[in-house]
Structures are given as structure tokens and as C-alpha cells.
Amino acid sequence: MTAVVGASGCGKSTLLKLCNGLLQPDEGTVFAFGEPMDYDALPNLRRRMGYAVQGTGLFPHLKARDNITLMASLAGWSESAIDARLAELLQLMHLDSGLLTRHPHQLSGGQQQRVGLCRAMMLRPEVLLLDEPFGAIDPITRYDIHQQMLEILAAEPVTVLMVTHDMREAMLLANRILLMHGGKIRLDASVATLREQHPELEPEALLQELLRAQR
Amino acid sequence: MSFLRQVLVNTLAIVLAMVFTRFAIAQQPIAVGSKTFSESHVLAELSAQLLEAEGFVVERKLGLGGTLISYEALRSGELDIYPEYTGTLIRAVFNEGDLDESGLRQRLAEAGLRFPVRFGFNNSYALAVPQSVAKALDLKQISDLRSQPDLRFAFSHEFVNRDDGWPAVRSLYQLPQQASGIEHTLAYRALAAGQLDVTDAYTTDGELAVFDLELLDDDLELFPTYYAGLLVRDDLPPEITTVLSRLEGRLDEKVMQSLNQRVVTDGETPAAVAGAFLVESGLTKELQMQDSVLRAVTRNTLVHLKLTALALFLGCVIAIPLALGVARYPRLASTLQYTAGLVQTIPALALLALLIPVLGLGQPTAVLALFLYSLLPIVRNTLAGLFSVDPLLKAVAESLGLTYRQQLFRIELPLAMPMILAGVRTAAVISIGTATLAAFVGAGGLGQPIITGLSLNDHGLILQGAIPAAALAVLAEFAFEALERYAVPAHLRGS
């Protein structure tokens with residue numbers, strides 16, 4: 001997992017939108033899966049990239065189950081394939097299957113977040129794009145979800161690009177950190193290297209230190 | 001979603017059934033029309049009931065909005081018969097003041113029409129004075145007014161100003177008096193109250209007897225003649241004309257006055273007055289079955305429902321897809337909204353009048369007008385509903401890999417549904433109200449009793465249309481509320 005960190009307005013979310021074609025670059029080329037991005041075939045490309053955002057972005061008119069399986073049924077998956085994948089994800093996310101018949105507004109914030117992650121993972125994407133996915137969750141729930149996220153990363157062969165302003169989260173989940181400032185990537189380092197260079201610093205202090213070095 | 005689809009399918013089935021029933025029962029009845037005023041109603045009822053007594057099936061299209069609408073309806077075949085006046089044909093229709101009888105016949109023949117039956121009275125302009133004044137001053141003809149410079153004159157606004165009205169009377173008869181303008185119905189009351197001596201009248205006004213008025217002879221023959229008769233299509237089967245010709249010469253001015261009076265001041269329906277006259281004069285043996293109020297209300301309500309349901313159905317089927325189609329092009333969307341808004345600003349009567357040359361008279365015109373009026377609320381609400389969808393949800397839908405169509409139909413449309421339904425609801429209520437004007441173009445519905453009631457000053461008749469119309473509007477509100485409860489989950493219903 002690669003975590004993109006930086007202050008608000010530094011271009012983190014823009015980077016993510018360039019990755020899935022919500023935005024097109026003014027100059028330069030975006031490569032997706034090793035090839036220049038084909039803007040005429042975005043839906044297909046995006047189905048290979050899971051996507052989850054802060055505030056969950058669950059569709060309020062669909063039950064939890066339909067939120068998760070919408071893309072799979074549109075992609076023509078069989079019922080049994082959908083059921084099997086769903087069961088797999090519920091287990092990974094520690095979600096009770098009784099919640100599936102509820103609408104998003106009937107779920108707690110943590111449950112909504114988990115459902116959102118299940119939706120992002122449904123099609124077994126090669127890449128997972130996460131935009132502040134745990135931003136709106138209380139610390140206790142967040143700890144649980146972080147643990148489940150680590151389980152998923154261990155269980156599924158997926159490349160994750162996560163935008164966060166929480167350095168602690170980034171150091172916990174990711175193995176590579178991109179520091180953005182003023183719309184540019186200022187630092188690209190592995191978490192192991194950063195820990196080695198600054199063993200004495202807490203993650204927050206480390207982020208401050210790194211940012212100071214950029215000025 | 002599946003419920004909505006079911007509702008849609010059912011509505012479609014009902015609408016189609018109604019359309020087909022209409023074709024199935026169309027056994028070519030004889031369409032008898034009338035204009036809005038009571039005399040025209042009575043004459044139309046006389047003809048209609050006489051034909052019914054002879055076993056013909058008659059369709060009444062009474063209370064049409066004006067001479068040109070009635071005339072065009074006859075020419076286009078929407079009507080077969082309606083009462084008309086020679087003077088009106090010469091002046092208002094052909095606009096040739098010097099047309100004589102044979103000239104008129106020729107003009108009508110060119111238009112594919114005939115004027116085969118004359119009732120026997122001349123409903124022309126006249127000057128009326130209270131009987132007491134006439135007796136005291138020995139007034140018999142208009143010339144007698146010349147020697148009475150102190151009499152007070154007031155005429156209806158139209159008559160005061162028309163070249164062939166007061167100015168012509170004054171110069172031909174060399175009258176010394178000045179005249180002011182007054183509301184026609186007020187003039188009679190002013191005469192009765194002694195505040196006024198002379199006003200204009202129609203020679204068959206029902207009020208003449210009520211207010212004890214004397215008509216002065218047009219001794220210099222200034223006013224044109226307005227012989228009443230039946231204007232019919234040339235292709236009307238001769239057996240029908242033969243039946244109608246029994247009405248020839250049956251009504252003189254006095255008889256017509258009394259028939260009008262029974263409607264205008266005694267509150268009888270034109271149908272009842274006509275029916276009684278036919279029996280009294282031996283033209284029919286017994287009173288024709290009168291429509292019961294319940295049957296009339298039911299029939300009018302069903303027609304009303306049919307007009308609005310068809311218009312609303314068309315509105316939904318066309319406006320919603322149209323709005324969905326243009327939603328992604330903001331400029332097109334606002335153009336569509338402006339266009340629909342523009343239609344909305346056309347007064348309903350004007351819109352109906354504009355559509356008559358296109359579709360003729362009858363229900364298609366009314367449905368088209370109602371459909372045009374339903375466009376704005378449906379288009380506006382559909383677009384507003386789509387635009388109000390949370391941009392985050394749109395971005396998520398796009399990011400998940402939904403195609404544009406899938407985003408529209410799976411995400412945006414369901415989320416916009418409450419607002420779309422609200423738009424359809426508004427359109428339904430507007431349609432139910434506006435459809436009362438459909439009677440002006442011969443489409444029937446609940447406007448029929450309202451318009452007839454207005455022109456006959458019959459409050460009961462007005463209520464026969466107004467109450468069911470109001471009830472329909474309220475029912476529509478309830479129905480849509482129920483539909484919303486079923487079709488839209490509680491947490492998606494705004495406020």
C-alpha cells in the first residue's frame with residue numbers, strides 16, 4: 001500500500017482523480033496498468049480499480065447488499081459468484097450478514113465504512129483507490145477497521161493507493177509514503193526507511209519534520 | 001422500482017383501454033353544437049331533442065366559445081348542426097355587409113354548408129324603453145324619440161362605439177340626445193328603477209318581459225336582420241334535414257323571448273325549456289328522457305379524467321425522457337426549461353385557440369393543450385431532481401465504473417424520483433383545473449356545466465362542474481401521496 005500524505009489542498013485528491021480518470025491532466029500522460037489511459041474506455045478501466053471515499057458515498061436508495069453487489073450484477077456475475085464473493089468480504093470485514101438488508105442510513109458510521117470498502121473490493125480490483133476512507137470514524141472503530149484492512153491486504157493481492165492526512169494511519173497501513181506539497185510529490189520513501197531515519201519521532205512529529213524540510 | 005414499473009404498466013393499460021373504447025363506441029352520432037348564450041342553447045336543444053325523438057343518436061357540443069369556433073367546427077366536420085343568425089354570417093363570418101340572401105346561399109354552398117331551417121324570429125338590435133314611459137309619451141318607433149330631447153340614453157359599451165350602433169342610429173334618425181356607456185345587465189335595472197329611459201336590447205331578450213320593457217320599431221330599417229336558423233353541413237343526410245324542417249317558423253320574437261326568459265330569469269335548463277316547448281307545440285309526443293344529474297356528472301367526470309390522464313401520461317412519457325436526455329447538457333437543459341416555461345405563460349384559452357387550426361375541435365386539441373401545460377412542472381422537477389443529487393454520489397458512481405446510462409438510471413433517477421413525482425403531481429392538479437376550459441373547444445368534461453352555468457347564470461350547474469373538479473384535484477393529491485409512500489422509501493422523501 002502506498003499512502004499519499006500532505007496538508008489540505010496539496011493535491012492529494014486531485015492525484016487520485018487523475019488515477020481513475022475523473023480528471024484529465026492538462027499536460028503529461030497518466031498510465032494505467034502500464035498503458036496510457038484510454039479515456040473512451042473509462043468504465044471498464046475503473047472496474048479494475050476499487051474506490052472508496054470519506055463519508056462512505058453509499059447510495060441511499062440501495063440496501064447494503066445492493067450497494068456492494070451493484071457493480072458485480074451490472075458486470076454480469078452469476079448469483080452464486082456474487083454470493084460467494086460477498087460471504088468472503090463479510091468475513092474479512094467482520095460484517096454481520098443481517099446488516100445487508102438495511103439501507104445505509106440504518107447503519108452506524110463504522111458499518112457504513114465497512115460496507116463502502118466491501119463495495120470497493122467486490123470486483124477483486126487490481127488497484128484500490130481510497131480517499132480518506134477512515135476520516136469520519138471514531139478512534140475505537142477506526143482501530144478495528146485498521147486491523148481488518150491489514151487482514152485484507154494480507155489476504156488479497158491488491159495494490160492500494162490511499163490518500164490521508166493522518167500520518168499515523170499512513171505509517172500503520174502503508175509500506176510506501178508519498179508526501180505532497182504545493183501540487184507536487186516532494187518525497188517518495190518507504191515506511192521502513194522513514195522509521196530508520198527518524199526512530200525517535202512520533203508519526204505526527206515526523207510529518208511536521210518532513211514538511212519543514214520541504215520549505 | 002418494480003412497483004413503479006407495475007404502476008406504469010397499469011396506467012398504460014387503462015389509457016389504451018380508454019382510447020380503444022372511444023373508437024369502439026364511435027357510431028357516428030349527429031353532433032349538435034351551440035354557442036355560450038342561452039338562446040343558442042335552447043335552439044340547439046330543440047334540434048337535438050327533436051332528432052332524438054325520431055331515434056337519431058345525438059352528441060351535444062354545447063357552449064362553444066364563439067362564432068368562429070362554432071363555424072370552423074362545422075366546416076371541419078366536428079359539428080353537424082348549430083344555430084346561427086343570418087346577420088352574423090353576413091357580417092362576422094363573411095364580412096360582406098351588402099351580401100343578400102342569394103349571395104349568402106352561394107357563400108355557404110362554397111363552404112360546403114347550408115342554412116335550411118329558419119325558426120321564424122329576427123334577433124336584431126332594438127331600442128327598449130320602459131312601458132310606462134312608452135305609454136306616457138306615446139312612443140312606438142325610434143323616430144318618435146326625436147321630439148323627446150330630455151330622455152336619458154345609455155347603451156352597452158359595444159353599442160355606443162360600434163359604427164353601426166348608436167352613431168348610426170343618431171345620424172339616421174337625427175336624434176338630439178347624448179348617450180353614455182353602461183353594462184348591459186345593469187341597464188335593465190336602471191330602466192326599471194327609473195334612472196334611465198332608453199337602452200339597446202336584443203329583440204328576443206328574456207329580460208324584456210321581466211322588466212316591462214317596450215321595443216321601439218326600427219321604422220327606417222337601420223338594423224340588419226338576424227334571422228335565426230340552423231346552419232348544417234351540406235353532407236348531412238336529407239332525412240335529418242327533413243326532421244329539422246319541422247321547426248321552420250315555429251318561433252316568433254315573443255315566443256323566443258318567453259323561452260329565453262324561462263332560462264335566464266326562472267332558472268330552468270335549456271334542455272327542459274326546449275323539451276316542454278316541443279311537447280306543447282306537438283312536435284314530440286312526450287318529454288325526451290332528460291339526463292339525470294348523476295349521469296351527467298358521471299359522464300363529465302369520466303371525460304375530464306380521460307383528458308387529464310391522457311395528457312399527464314403523454315407528459316410523463318415525453319417530458320421525463322426528454323429531461324433525462326438533456327440533463328448532461330446544461331445549455332440544452334435550460335433551453336428546454338425556458339421553452340416549457342414559455343408555453344406555460346400562454347393563457348389557456350389562447351393556447352386552445354391557437355391549436356384549433358392544427359387539430360380542429362374536440363378532445364385531441366384539449367389533450368394537446370393540457371399536455372403542453374404539464375411539460376413545465378415535469379421537466380423542471382425532473383431536471384431539478386437530477387441536479388440536486390449529491391455530487392459525491394455522482395463521483396462515486398462514476399468512479400465505480402458505472403457507464404453514463406447506468407449512473408443515470410441506477411443512481412440519479414431513483415434519487416431524483418421524489419422530485420419527479422412532485423412535478424407530476426403538480427402537473428396533474430394543473431391539468432385537472434385547466435381541463436375545465438376544454439369545453440370551450442367541444443371536448444366536454446367538467447368545464448361543460450361550468451361554462452353553460454356561467455352563461456345561463458345557473459349556480460347549480462356551475463357547482464355540478466366545480467365540485468367534482470375540486471374533488472378530483474384533491475383525490476389526485478391523495479393518490480400521488482399514496483404513490484409516493486409506496487414508491488419512495490421514507491428516508492428519501494424530503495422534509
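**View 1. Polar contacts across the interface of chain A and chain B in a predicted model.** Between the two chains, 5 residue pairs are in polar contact, both partners having pLDDT 80 or more. On the side of chain A that touches chain B, helix H2 (42-47), strand S4 (49-53) and helix H3 (64-74) each give two or more residues. By class, this side of chain A is made up of 11 nonpolar, 6 polar and 3 charged residues.

**View 2. Extent of the interface between chain A and chain B.** In the predicted model, 20 residues of chain A are in contact with 18 residues of chain B. The buried area between these chains is about 1,800 Å². Carbon and sulfur atoms give 72% of that area.

**View 3. The salt bridge between A:Arg46 and B:Glu398.** Side chains of opposite charge can pair when their charged atoms come close. Here the closest N and O atoms of A:Arg46 and B:Glu398 are 3.6 Å apart. The pair crosses between chains, with A:Arg46 in helix H2 of chain A and B:Glu398 in helix H18 (residues 391-399) of chain B. The count between chain A and chain B is 1 salt bridge, while the whole structure has 28 salt bridges over all chains.

**View 4. The bend in helix H19 of chain B.** Helix H19 covers residues 404-434 of chain B, 31 residues in total. Its end C-alpha atoms lie only 38 Å apart, whereas a straight helix would reach 45 Å at 1.5 Å a residue. H19(B) bends by about 55 degrees at B:Met417.

Note on methods:
Residues are numbered from 1 along each chain as its sequence is written. Chains are lettered from A and ligands numbered from 1 in the order in which they are written. This is a predicted model: local features need pLDDT of at least 70, side-chain atom pairs count only at pLDDT 80 or more; totals for chains, interfaces and linings use all residues. Side-chain values use heavy atoms; hydrogens and water are left out. Helices (H or I, at least four residues) and strands (E, at least two) are DSSP runs, numbered from the N terminus. The expected span of a helix is 1.5 Å times one less than its number of residues. The bend at a residue is the angle between axes fitted to the seven residues ending there and the seven starting there. Contact means heavy atoms within 4.5 Å. Buried area is the accessible area (1.4 Å probe) that two parts lose on being put together, summed over both. A salt bridge is a side-chain nitrogen of Lys or Arg within 4 Å of a carboxyl oxygen of Asp or Glu. A polar contact is a pair of N or O atoms within 3.5 Å; within protein, one must be able to donate a hydrogen and the other to accept it, and residues adjacent in sequence count only if both atoms are side-chain atoms. Ala, Val, Leu, Ile, Met, Phe, Trp, Tyr, Cys and Pro count as nonpolar, Asp, Glu, Lys and Arg as charged, and the others, Gly among them, as polar.
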